[in-house]
Amino acid sequence: MELFERAAYYGLNSVLAVYLTNEVVKGGLGFTEQSVGFLQSLIYAFTYVIPIAGGALADRYGYRRMLLFAFSILTAGYFIAGNVTSYGAVFAGLLVMATGAGLFKPIISGTLARTTTEENSGFGFGIYYWMINIGAFLAPLVVSVLKGFSWRYVFIASALYCAAMLVPTVFLFKDPPKPANTKSLREVAHGAAMVLGDARFMLMIVVYSGFWILYFQNFGSVLWYLRDFVDATPVNRFFASFGVPLKFDAEHVTVVNGGTIILLQVLVSRIVKKIRPLPTMVSGIVIGTIGFLCLAASTNVWVFILGISVFSIGEMTAHPKYYSYVGLVAPADKKAVYMGYAFLYGVIGSLIGSSLGGMLYGSMLKPLVGQAGGPAAARTFWLLFVALNIVAAVGLILYDRTFAEDTPQTNEKARKIMLGIYGLLLAGGVLFVWSAVSGDAVSYKTLVQAVIMLALGAGGMVVSLRKG
């Protein structure tokens, strides 16, 4: 199930940003990079938020029943998104898809947790992780063929992958043993408030999210950069010399990422096995930064592939250790709850990363496509993200030195910093509201961003002040 669901997800998302922004005469929908960045930021964030409720719903109503529902709306979401052309309709279809993906996430990991033992859980989750990356590796190769006929076939393929999973769900899947206590949605909401009120934990999440702002460029600005500035002819000629008619394109970015992880994850895991989580996370962020420095250094396609591969090594170095570090930072009696909310890095990273990438690409690079100043502008563009990642690495080191211990002093310091961050969100939300309504016409995309910023800022402020 994980293989097919991830194949559907990565197969589509390996080319989604290009399809949505390509000219209509080229088969795309002609949306702007800014509008697509906004769309992706909400869709990806949604897939990280829904699992909070999804886990509680699966515990209460049964895993099999929720799988049937998740695969049904996944199928419908992919199919709808591929058969409509207006911005709002595509957004709605992808939102349905994201809901299904978010409901699916906790069911499979929960099934593994409940059907494996301490002795074989490592092996079980190893298979789980490999299935994710095998799906990410194989599906884009199929996309290369399908999009040659029609972009619509890419969406249909993703819908069929998910629809096919209804068969084993109906005839083979059995609910794992139910936990003694299941949480209601009210209890889930209370748990969220408790975690959001832990300033030390939230500060660590905010700092680590800087790395994921970089990660989400792989589904947006990296693909546009490949389309507009990188000549893939040398790679195509190389494969043609072996009789392989490959045309290197956007979908192969995901292939490189997934393939690198499949090949090197075991080796990397062994290397960092005995190293403390935080130095490992920082090392991974630094390696990821080097990957994006490659993109800044040259528009050569081989350098581009090297950059994506190096970034993938950074990802597989940092992220597994992140969960270990969450366990160290979390209070001893609440580790399970905190691990459930460790996904927040993806919410922040996608909300900022996709929107920022789309906005900067549309303003800095899009006007210079085919112009002499394009490569220089692209260098500046990637260096901005490199700088952001350096800030994240330094911030993580400072966090470990200043806030790692759970003491009244460190909690109060972290609370004051988070109050400042929440205050900035409130101020930014007010500015966005003013920007949205001050023009000749109301900018609804900016207004939605304003609402999100105001909600996060106000909610965080209220919870932090109560803690104080």
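User: Which residues are linked with Glu33 in a network of salt bridges?

Analyst: Glu33 is linked with Arg227, Asp228 and Lys366 in a network of salt bridges, where a salt bridge is a side-chain nitrogen of Lys or Arg within 4 Å of a carboxyl oxygen of Asp or Glu. This is a predicted model, in which local features need pLDDT of at least 70 and side-chain atom pairs count only at pLDDT 80 or more, while totals for chains, interfaces and linings use all residues. Residues are numbered from 1 along each chain as its sequence is written, and side-chain values use heavy atoms, with hydrogens and water left out.

User: What makes the pair of lysine 366 and glutamate 33 a salt bridge?

Analyst: The closest N and O atoms of lysine 366 and glutamate 33 are 3.4 Å apart, and the cut-off is 4 Å, so the pair counts as a salt bridge. Lysine 366 sits in the loop between helix H17 (344–365) and helix H18 (374–403), whereas glutamate 33 belongs to helix H3 (residues 33–61), and the two are 333 residues apart. Helices here are DSSP runs of H or I with at least four residues, strands are runs of E with at least two, and both are numbered from the N terminus.

User: Why is glutamate 33 called buried, and why is lysine 366 called partly exposed?

Analyst: Buried means under 20% relative accessible area, exposed means over 50%, and partly exposed is in between, with a 1.4 Å probe and protein chains only. Glutamate 33 has a relative accessible area of 4%, so it is buried, and lysine 366 has 34%, so it is partly exposed.

User: Why is arginine 186 called exposed?

Analyst: Arginine 186, found in helix H9 (residues 185–196), has a relative accessibility of 73%, so it counts as exposed.

User: What makes leucine 456 partly exposed, and which residues is it in contact with?

Analyst: Leucine 456, in helix H20 (residues 444–467), has a relative accessible area of 45%, so it is partly exposed. Leaving aside its neighbours within four places in sequence, leucine 456 is in contact with Tyr422 and Leu425, contact meaning heavy atoms within 4.5 Å.

User: Why is the chain called as compact as a globular protein of its length?

Analyst: The chain has 20 helices and 0 strands. Its radius of gyration is 22 Å, close to the 23 Å that the globule rule gives for 468 residues, so the chain is as compact as a globular protein of that length; the radius is taken over C-alpha atoms, and the rule is 2.2 Å times the number of residues to the power 0.38.
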